[in-house]
There are 2 protein chains.
Amino acid sequence: MRKIDPEVHAEKRRQILDAASICFAEKGFEATRTADICQKAGISSGKLFHYFKSKRDVFAAIFAQGKSEDTARLNEASRAPTTVAALVGFFEEALSHQGNPVLAGLLFEAIAFARRDAEFAQALERDELHTRDQLVALVETAIAKGEVAPGTDPLQAADWLMGLHDLTILRAVWDRKQAPGTDRSMIETLVRSILSASQRQPGTSGENS
Amino acid sequence: MRKIDPEVHAEKRRQILDAASICFAEKGFEATRTADICQKAGISSGKLFHYFKSKRDVFAAIFAQGKSEDTARLNEASRAPTTVAALVGFFEEALSHQGNPVLAGLLFEAIAFARRDAEFAQALERDELHTRDQLVALVETAIAKGEVAPGTDPLQAADWLMGLHDLTILRAVWDRKQAPGTDRSMIETLVRSILSASQRQPGTSGENS
DNA sequence: GTCTATATAGCGATAGAC
DNA sequence: GTCTATCGCTATATAGAC
């Protein structure tokens, strides 16, 4: 005989967010109508605006539910015996996300939305910087272990590794033409190339902020 | 005493498209108001709809004005003495586009729009396939010249090279964190890595489609 | 707490004067 | 050919019944 079960409330919220995720991933923020979300969630308009104060609020809530699994996976990698191999594994994992159109679509639309909403952009960037810092730490570990050359610039390596990560996931959004068979070995080659090419160069500006 | 100068007409069209390009690149298709375009172009609403039948029409016209300069640049590359070096040069050129927010933004919004408009998506894909075919031909030339290994799969290499190209331009859209000093050498390393890693593998499925 | 009905506002596109 | 005024529509968000 409880008054308002907080679990029921959270569950309902999640249910709405799941429906909204699919809509936003497919059609983007502005093209998605709140009516679309309500229909997919099987609720009425009034209910949606009871749980969320605006459409923007729904969108933001999808991404606010915390740290992505990337964080956990990269933490695992930091404890692996061979750091570089664990790093390669992390990127190969990203390949499997390619098959998930909702996840890839959401990531794309998040970037699109961030271009128009400064507050959201800031939150997104905070997450990205966190991931980058984890990568920097991993590269430093690999250097300490002697797995990669001592002159490697961890920041530059991390930047390009993040680029590779984005590319791997996002290409699924606008292009399905990748040969799936040989991708894993290509990913491994590229990860290792980025690591070995990120040399701190004495003449050039290896350090900038 | 000419009736309607076709050049004046074309010039006016271009003027509208230039203004529209900036708006679309900044805010995307749906968030851009026709009023925004009119204001930026210094015209009235009636005029816009005299030259274009709809907002979608304006957007499509921006990209319909033909083959990108990429086509011409890749054609040049096919006549260069060292094919691989020319290829590297093509990708280094893409780095300079990074500084052009309108170009990068337009490319991003084109992809976003293509996700919702099948006809536009088809046109965009046609252009992409053309670029990819050019890259395939270049890789084949390089193989014939003995610049890259004979067992290289031109299609796989071209796919990943296009990915690198997209990444180079699009990262400017959501991320400004790349270390500019050492990018050129990184690009070269990655181009060469992709070429050498695209080996037709006997066991795995090197050919699909 | 939930749903139905609707207020409000802003957009794309047009009609018609000049 | 161009501009002004405005129509018709659709979408978000709310108010009030149950």
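A salt bridge is a side-chain nitrogen of Lys or Arg within 4 Å of a carboxyl oxygen of Asp or Glu. In this predicted model, A:Arg192 and A:Glu188 meet that rule, with their closest N and O atoms 3.0 Å apart. The two residues are four residues apart in helix α10 of chain A, so about one helical turn separates them. Both ends of the pair are partly exposed: A:Arg192 has a relative accessibility of 40%, and A:Glu188 has one of 28%.

Over all chains, the count comes to 24 salt bridges. Another of these joins the side chains of A:Glu92 and A:Arg184, at 3.4 Å from N to O. This pair links distant parts of the chain, since A:Glu92 belongs to helix α6 (residues 83–97) of chain A and A:Arg184 to helix α10 (residues 183–197) of chain A, 92 residues apart. A:Glu92 counts as buried, at 14% relative accessibility, whereas A:Arg184 is partly exposed at 47%.

In chain B, a salt bridge forms between B:Arg116 and B:Glu30, whose closest N and O atoms are 3.3 Å apart. B:Arg116 is in the loop between α7 (101–114) and α8 (118–145) of chain B, and B:Glu30 is in the loop between α1 (6–27) and α2 (34–41) of chain B; the pair therefore ties together parts that are 86 residues apart in sequence. The relative accessibility is 30% for B:Arg116, which counts as partly exposed, and 22% for B:Glu30, which also counts as partly exposed. Salt bridges with shared partners also join A:Glu30, A:Arg115, A:Arg116 and B:Glu109 into one network.

The loop between α1 (6–27) and α2 (34–41) of chain A holds A:Thr32. A:Thr32 has a relative accessible area of 0% and is therefore buried. Apart from neighbours within four places in sequence, A:Thr32 is in contact with A:Cys23, A:Phe24, A:Lys27, A:Ile37 and A:Lys55.

Helix packing was examined in chain B. The axes of helix α6 (residues 83–97) and helix α9 (residues 154–174) of chain B come within 8 Å and cross at roughly 25°. Because of this angle, α6(B) is roughly parallel to α9(B). Residues of α6(B) in the contact include B:Phe90 and B:Phe91, and those of α9(B) include B:Leu161 and B:Leu164. By class, the contact has eight nonpolar, three polar and no charged residues.

Chain A is superposed on chain B by a rotation of 180° with 0.0 Å of shift along its axis, at an RMSD of 0.0 Å. The two copies are therefore related as by a two-fold rotation axis. The same surface serves both copies, as 100% of the contact residues of chain A recur in chain B.

Definitions and conventions:
Residues numbered from 1 in each chain as written. Chains lettered and ligands numbered in written order. Predicted model: local features only at pLDDT ≥ 70, side-chain atom pairs only at ≥ 80, totals over all residues. Heavy atoms only, no water. Axes fitted to C-alpha atoms, helices over the stretch in contact; angles between N-to-C directions. Parallel < 35°, antiparallel > 145°, perpendicular 65-115°, else oblique. Contact = heavy atoms within 4.5 Å. Nonpolar A, V, L, I, M, F, W, Y, C, P; charged D, E, K, R; others polar. Buried < 20%, exposed > 50% of the residue type's maximum accessible area, 1.4 Å probe, protein only. Least-squares fit on C-alpha atoms with pLDDT ≥ 70 in both.
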